[in-house]
Amino acid sequence: MNEENGTKKKLLVVNASKRRNGNSYALERHLAPRLESRADVVYFHVGEKDVRVCLACDGCKRRHEPSCVQPDDFTALIPEIDKCDAMLILAPVHWDQFPAQLKAFLDRTYSFMDFSQPDFSMAGRKDKKVGGFFFAGFGPVDVYKGMVETNLKSFATAGFRQCRAHVAGDANVPGSILEKPDDLKAAGEMADWLLA
Ligand SMILES: Cc1cc2nc3c(=O)[nH]c(=O)nc-3n(C[C@H](O)[C@H](O)[C@H](O)COP(=O)(O)O)c2cc1C
């Protein structure tokens, strides 16, 4: 609840896994009651959506509000990205990186970049938070956390100026996150921070 005006916060959950029975989806289901009791939640399952790669056409630079010339699901989501209070990203690590579908999503936030502004951003709101909760099968979670933090910082152009990251390791087995109290505690803390 927003203490200033009594309205619920707006949270965008971006799930970038293709495994419907995997850990990103398991955590999404686990967190849903907690999130939905405190926020208006919009879910965007990138792997099920049409999110095309950025054309780098600079069509968005002809306007001074976030926009894109491509008629796809990302462009339709731009108003939600702009007006939310916070974004929670749930995703796997693929080859030490963001999975391709999430990298496409990140690239498309170029539609918020405005070179005529001192901070290079035409986001309507620039006070938003982003939390990235990632899953890795076998790799070094500390290294991956640095990778996630580096990538999350690029969402600043879309107005997400504060970010936090967590990487849950040993997460190949679908649903195994639900057996890991330390990671679940970290997820709860991330949710609380996003909605504080
Ligand atoms: C294409 C692909 C690449 C992967 N690369 C890595 C990797 O570099 N490091 C790692 O620890 N796990 C890697 N994994 C394993 C996933 O990160 C792991 O299974 C994760 O828990 C999947 O999350 P999900 O269940 O939410 O989809 C990879 C899996 C796939 C399918």
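How far does a polar side-chain atom of Ser 17 lie from an oxygen atom of the ligand? The answer is 2.6 Å. Everything here comes from a predicted model, where local features need pLDDT of at least 70 and side-chain atom pairs count only at pLDDT 80 or more, while totals for chains, interfaces and linings use all residues. Residues are numbered from 1 along each chain as its sequence is written, and side-chain values use heavy atoms, with hydrogens and water left out.

View 1. A polar contact here is a pair of N or O atoms within 3.5 Å. Tyr 144 brings a side-chain N or O atom to 2.9 Å from a nitrogen of the ligand. On its own the ligand exposes 640 Å², and the protein buries 82% of that (Shrake-Rupley areas, 1.4 Å probe).

**View 2. The shell around the ligand.** There are 18 residues around the ligand, and those coming nearest are Ser 17, Ser 24, Gly 139, Ala 171 and Asn 172 (near means a heavy atom within 4 Å). By type, the shell splits into eight nonpolar, eight polar and two charged residues, with Gly counted as polar.

**View 3. An aromatic pair.** Searching the whole structure turns up eight aromatic pairs (ring centres within 6.5 Å; planes under 30 degrees apart are stacked, over 60 edge-to-face, the rest tilted). Phe 44 and Phe 105 make a tilted one, 5.9 Å centre to centre with 50 degrees between the planes. Phe 44 sits in strand β2 (residues 39-45) and Phe 105 in helix α3 (residues 100-108), so this pair ties together parts 61 residues apart in sequence (DSSP runs: helices H or I, at least four residues; strands E, at least two; numbered from the N terminus).

How values were computed:
Polar contact = N/O pair within 3.5 Å; in protein donor to acceptor, adjacent residues only side chain to side chain. Phe/Tyr/Trp six-rings, centres within 6.5 Å; stacked < 30°, edge-to-face > 60°.
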